Amino acid sequence: MSVPAVVFYILSFFILAAGLLAVTSRKIFRSAIWLLFSLTGIAGLYFWLQMEFIAAVQIVVYVGGIVVLIIFSIFLTQQSGKDLPAPVRSRAIFSALAVCAGFMLTWVMIRRYDLHPAGQGTIDASVGNIGSQMLSTSAHGYVLPFEVISILLLAAMIGCIVIAIKTKPGDK
Amino acid sequence: MNQVPLSHILFVSTALFFIGMYGLFTRRNMITMLMSVELILNSVNINFIAFNKYLYPEKLEGVFFSLFIIAIAAAEAAVAIAIIINLYRNLRSIDVEDANEMKF
């Protein structure tokens, strides 16, 4: 087994173990930290696939943005040292069964397909290439989704302010 | 990277997706459910990148889909946390079982 393969298997074990701990840990703060490790591992997987820009975006947006937001909301909403209530036993068992069944089904379907890598072409995932294609108006350009998503981000920002704004008592 | 077949990467992303589903089924706390949703979205991103890299190496469509998914996930997390904080202010709890009415 070569070095890149070993790196891949270590990374995937790390991602899956941290993800599993993130959904099963009984302390909510630890759960958020495990989520952070899992997302960092996914960024490492993107580095392994030589998609440096996506890996950087993953670290900046997920690790630096979303996880920090989640940790802040944990601090705002509850005592972080307190244990979460354990899931109802029957619910945990049945959801584990359903998840295993779904996983098996998906894995069988993946195994049925013969996914041969298309060997020749080399991918040019440099930032310059991504940027020029993102803003191009020609056949494979993404300028319309880009504009739509900027409207979406603006709408989300305004929506967050409107939802989370504190109304004074007697001000309804 | 060619020593690792594509199906192994798909195995990782499928496992991550179903780990997220397990969290979504068992957790009853809104913030932990949001974390499970983030895991699910990330597993989809891994799929897009891996397919782009292995099957269509001369194009960049998977990269763009991943970028847009990441942007939408950020917007979704921000709105979800605003809603959670607003609910906590009204109900003093972020358990989904307690949020059983839509009008205050």
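This is a predicted model: local features need pLDDT of at least 70, side-chain atom pairs count only at pLDDT 80 or more; totals for chains, interfaces and linings use all residues.
In soluble globular proteins, nonpolar side chains tend to be buried together.

The two domains of chain A come from the domain assignment, which places domain 1 at 1–82 and domain 2 at 124–172. Their centres, taken over C-alpha atoms, are separated by 24 Å.

The interface was examined next. In chain B, 58 residues are in contact with 70 residues of chain A. On the side of chain B that touches chain A, α1 (6–26), α2 (30–54) and α3 (61–91) each provide at least two residues. The helix that gives the most to this side is α3(B), with 19 residues.

Helix α3 of chain A covers residues 52–77. At 1.5 Å a residue, its 26 residues should span 38 Å; the end C-alpha atoms are 36 Å apart, which agrees. The kink in α3(A) is about 25° and is centred on A:Tyr62. A:Tyr62 is itself buried. Other buried residues of α3(A) include A:Ile54, A:Ala55, A:Val57 and A:Gln58. Further along, A:Ile66, A:Val67, A:Ile70, A:Ser73, A:Ile74 and A:Thr77 are buried too. The buried residues of α3(A) pack against α2 (28–48) of chain A, and also against α2 and α3 of chain B.

Packing inside chain A is illustrated by A:Gly41. This glycine lies in helix α2 of chain A. A:Gly41 counts as buried because 22 C-beta neighbours lie inside 10 Å. Leaving aside neighbours within four places in sequence, A:Gly41 contacts A:Leu11, A:Phe14, A:Ile15 and A:Ala18. A:Gly41 and A:Phe14 are 27 residues apart in sequence, yet their C-alpha atoms are 6.6 Å apart.

The loop between α2 and α3 of chain A contains A:Gln50. Phi of A:Gln50 is near 60°, a positive value in a residue other than glycine. A:Gln50 is partly exposed, with 13 other C-beta atoms within 10 Å.

A:Trp107 is located in helix α4 (residues 89–112) of chain A. A:Trp107 counts as partly exposed, with 16 C-beta neighbours inside 10 Å. Not counting residues up to four places away in sequence, A:Trp107 touches B:Phe11 and B:Thr14. A:Trp107 is 74 residues along the chain from A:Ile33, and the two C-alpha atoms are separated by 29 Å.

In chain B, B:His8 sits in helix α1. B:His8 is classed as partly exposed, with 13 C-beta neighbours inside 10 Å. B:His8 and B:Gly20 are 12 residues apart in sequence and 19 Å apart in space, C-alpha to C-alpha.

B:Ala82 belongs to helix α3 of chain B. With 19 C-beta neighbours inside 10 Å, B:Ala82 counts as partly exposed; a residue is buried if 20 or more lie within that distance. Excluding neighbours within four places in sequence, B:Ala82 is in contact with A:Cys160, A:Ile163 and A:Ala164.

Technical notes. Residues are numbered from 1 along each chain as its sequence is written. Chains are lettered from A and ligands numbered from 1 in the order in which they are written. Domain bounds come from an automatic or database domain assignment. Two residues are in contact if their C-beta atoms, placed from the backbone, lie within 7 Å. Helices (H or I, at least four residues) and strands (E, at least two) are DSSP runs, numbered from the N terminus. The expected span of a helix is 1.5 Å times one less than its number of residues. The bend at a residue is the angle between axes fitted to the seven residues ending there and the seven starting there. A residue is buried if 20 or more other C-beta atoms lie within 10 Å of its own, exposed if 12 or fewer, and partly exposed in between; C-beta atoms are placed from the backbone.
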